[in-house]
Amino acid sequence: MANPLDVVDVTRRLIAFETINPPGSERPCAEYLRALLEDAGFHTEPHDLAPGRASLVARLGDGSGDPLCFTGHIDTVPLGERAWTRDPFGGEIADGRLYGRGATDMKGGVAAVVCACVAQADRLRDGPGVVLVITAGEETGCDGAAALVRDSRLGRAGAMVVAEPTANAPYVGHKGALWLKARTRGVTAHGSMPEHGDNAVHKAARAITRLADFDFNVKGHPVLGKPTLNIGTVRGGINVNSVPDHAEIGIDIRTVPGMTHAALRESLARSMGEGAELDVTVDLDGVWTEPDSPWIAAAAARAGSVSGHPPVPATATYFTDASVLTPAYGGIPTLILGPGEPSMAHQTDEYCLIDRLTEAVSIYGALIDDWHTGDWTVRAYSKSRAI
Ligand SMILES: [Zn+2]
């Protein structure tokens, strides 16, 4: 019998590893989790993303069916400009809250997954089991997950739980993200003789004006709504008395499932006109599983029986590693459900509720239980192919 782990203790230990991304430095955190999982009999494979940076894939099962996948990332965003009133790496506890950078997004979720799986290790050995995909580099665009896919480290899975913050409510999807950098170029000249130059900022301004009227020409999604476009940054020029020869526009587009990012990019390039070069900085597809697909419906109901949340599937405003992992696993049913508070992600004095952590361990335990007794390994997967 594996020693049961305490989810609060594991979350506090994860918070103590400084994994702010950039630069990341996730390796010691991944090694700590690797040791816990190895002790419980899991087969573990660390995967290098860069020097000092590692993701981790851990498996337990007899290969008799597709395992249930749990995923979470161990990098965090920076601390932000505002001063914290709590130690961001101290794991302080007060009034039922556990504070720290990553408490909500999403070291609490990773800790709950690991604790639930270790608690069930003895029974996971006989049956389809689980695969844990613990990633580095999620916050900057799912880099760790993409590297695992590129190097074929995922194996198979029949359904997936993403432990991102939902306050343990079931979410069934999120929009995709296409971030672009548009560049315009010109010719510099003295600011007193602009007729000798070619002003790159004027070209950028014309491109921005055209984008303001951009028509996605799609109907939208019944739950996720319409795609959006935001111009987040504009940079151009070095000094006021020179004609700028370079300008850059940062564009954040959120797409809905069914849109093709390559086609969208072409349409944007046409709309911006000649002279604007487009580079892609983030390209992540949206995620959506029909709420009434068999495993999702059963898992949401099961989670609700533990948490008291009605199983009304919602969607996330953020993107997750599922953008990369779900298609890599062949479009498997994907449930986003984790103990963090969605409103606390990336915030100063980030915290998660201790009750939610223990509740998530119970929910994940129940989902593992159902996976082993309910023959979902076949049904969930065949349904996913049909979506
Ligand atoms: Zn996250």
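Two strands are taken to pair if DSSP finds at least two bridges between them. Helices (H or I, at least four residues) and strands (E, at least two) are DSSP runs numbered from the N terminus. In β14, the bridge partner of Y171 is A314.

The structure is a predicted model, in which local features need pLDDT of at least 70 and side-chain atom pairs count only at pLDDT 80 or more, while totals for chains, interfaces and linings use all residues. Residues are numbered from 1 along each chain as its sequence is written.

**Domains**

- The chain is divided into domain 1 (7-174 + 287-386) and domain 2 (176-284), with bounds that come from an automatic or database domain assignment.
- The C-alpha centres of domain 1 and domain 2 lie 35 Å apart.
- Eight residues of domain 1 are in contact with seven residues of domain 2, contact meaning that the C-beta atoms, placed from the backbone, lie within 7 Å.
- The side of domain 1 that touches domain 2 has four nonpolar, four polar and no charged residues; Ala, Val, Leu, Ile, Met, Phe, Trp, Tyr, Cys and Pro count as nonpolar, Asp, Glu, Lys and Arg as charged, and the others, Gly among them, as polar.

**Strand β8 and its partners**

- Strand β8 (residues 171-174) pairs with β14 (residues 314-316) in the parallel sense over two bridges.
- β8 also pairs with β13 (residues 287-288), here in the antiparallel sense and over two bridges; G173 has W288 of β13 as its bridge partner.

**Three-stranded sheet**

- Three strands form an open sheet in the order β4-β5-β16, with antiparallel pairing.
- Its edge strands, β4 (93-94) and β16 (351-353), each pair on one side only.
- β4 and β5 (residues 97-99) are joined by two bridges in the antiparallel sense, and I93 has L98 of β5 as its bridge partner.
- Helix α10 (residues 354-373) packs on this sheet, touching β5 and β16, and its direction makes about 60° with that of β16; axes are lines fitted to C-alpha atoms, for helices over the stretch in contact, and angles run from 0 to 180 degrees between N-to-C directions.

**Helices packed against α10**

- The axes of α1 (residues 7-16) and α10 come within 9 Å and cross at roughly 110°, which makes α1 roughly perpendicular to α10.
- Angles under 35 degrees count as roughly parallel, over 145 as roughly antiparallel, 65 to 115 as roughly perpendicular and the rest as oblique.
- V7, V8 and T11 of α1 meet I354, L357, T358 and V361 of α10, a contact with five nonpolar, two polar and no charged residues.
- Helix α8 (residues 294-307) packs with α10 at an angle of about 140°, the axes being 9 Å apart; α8 is therefore oblique to α10.
- The residues in this contact include A298, A299 and R302 of α8 and E359, S362 and I363 of α10.
- By class, the contact of α8 with α10 has seven nonpolar, two polar and three charged residues.

**Four-stranded sheet**

- A further open sheet has four strands in the order β10-β11-β9-β12, with antiparallel pairing.
- β10 (228-236) and β12 (276-284) are the edge strands, each pairing on one side only.
- On average, neighbouring strands of this sheet are turned by 20° against each other, direction ignored.
- β9 (residues 176-185) and β11 (residues 246-255) pair in the antiparallel sense over ten bridges, with T184 opposite A247 in β11.
- Helix α6 (residues 200-212) packs on the sheet and touches β9, β10, β11 and β12, its direction making about 20° with that of β11.
- Helix α7 (residues 261-272) lies across β9, β11 and β12 and runs at about 155° to β12.

How values were computed:
Contact = placed C-beta atoms within 7 Å.
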